[in-house]
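Here is a friendly walk through a protein fold, from the whole chain down to one strand. Have a look at the model first, then read on.

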Amino acid sequence: MISAHDLTLKAGSRLLLDKLNWQAEPGQSWCVIGRNGAGKTTLLRTLAGLCPPSAGQLVLHGRALDQWPLPALARQRAFMAQARNDAFGYRVIETVLAARHPYASTRYWEDDIDHRHCVAALQAMQVDELADRDIRTLSGGERQRVAIAAVLAQDTPLILLDEPANALDVGHQMSVMRLLARLCREQAKTVVMIGHDVNLAQHAASHVLLLKGDGRWTAGSVAEVLQAPLLSQYLGHPIEAIRHGSRHIFVPQEASP
């Protein structure tokens, strides 16, 4: 699906990621975890083709990412940013329909297929009853679910999400994670998402990419990477793993007084 070859990312003179060699395959769900400022969003934007790497190369379906024409790239990957600014009073359905633009280059209006994709996406995110609402009147959690619905409506093999659980209550966090896992399992989608909740990542991710923020990185399956010593090192705080049934719960240790 998508692979990185000696990928290097910098923020000014600061090295964020050094020579990342990594690939995400169809059916895999990757969670990118790291401290604030570790380069997670920069990496996701680079994977989306929105900013160039400092060095190295990204390859999508065997073709260099920077060689993809933008309309074709938009049919291969969907990107949800962490923050949005709704300046105009579009209806929810119109906001989601905008995600179908890559498929409507030869026509002015959306067709029945576009509408079916959008309605199905709104239903999957349990916001179909908001379809006629002004997007600016929604709560933060409702707006987040509409944003995810737009990504789903774009119907791409690669889905890139910057903190999809942000602003969601626990119930909707779990439903989104289950949905993403099902898309990977049943439709062979590839998901790369940023998250801060290590425990939540276990529900949706098959693989984890840890970023240290100084160039170092670790990638592997959930079982390989979600280990308390490794998380403690990368997150900069002692993490303890507590066994609970068939899985571990990761909790930060209390700081010494």
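Nine helices and twelve strands make up the secondary structure of this protein, which is a predicted model. With 257 residues, a compact globule would have a radius of gyration near 18 Å, and the value of 19 Å found for the protein agrees with that. The C-alpha trace spans about 60 × 40 × 35 Å along its principal axes.

Of the 257 residues, 48% are buried. The protein exposes about 12,600 Å², with carbon and sulfur atoms supplying 50% of that area. Among contacts between residues at least 6 apart in sequence, 63% join residues at least 24 apart. As for charge, there are 26 positive and 25 negative side chains, and the centres of the two sets lie 4 Å apart.

Now let us zoom in on one strand. Strand β9 covers residues 207–211, and five of its five residues are buried. Which residues are buried on each side of β9? His207, Leu209 and Leu211 lie on one side, with Val208 and Leu210 on the other.

| Partner of β9 | Sense | Bridges |
|---|---|---|
| β3 (residues 29–34) | parallel | five bridges |
| β10 (residues 217–221) | antiparallel | five bridges |

Tryptophan 30 stands opposite histidine 207 of β9, while leucine 210 has threonine 218 in β10 as its bridge partner. The hairpin of β9 and β10 has five residues between the strands, and there glycine 213 takes a positive phi near 95°.

Key
Residues are numbered from 1 along each chain as its sequence is written. This is a predicted model: local features need pLDDT of at least 70, side-chain atom pairs count only at pLDDT 80 or more; totals for chains, interfaces and linings use all residues. Side-chain values use heavy atoms; hydrogens and water are left out. Helices (H or I, at least four residues) and strands (E, at least two) are DSSP runs, numbered from the N terminus. The radius of gyration is taken over C-alpha atoms; the globule rule is 2.2 Å times the number of residues to the power 0.38. Buried means under 20% relative accessible area, exposed over 50%, partly exposed in between (1.4 Å probe, protein chains only). Contact means heavy atoms within 4.5 Å. Accessible areas come from the Shrake-Rupley method with a 1.4 Å probe; for residues, only the protein chains shown count as cover. Lys and Arg count as positive and Asp and Glu as negative; His and the chain ends are not counted. The place of a charge is taken as NZ of Lys, CZ of Arg, CG of Asp or CD of Glu. Two strands pair if DSSP finds at least two bridges between them.
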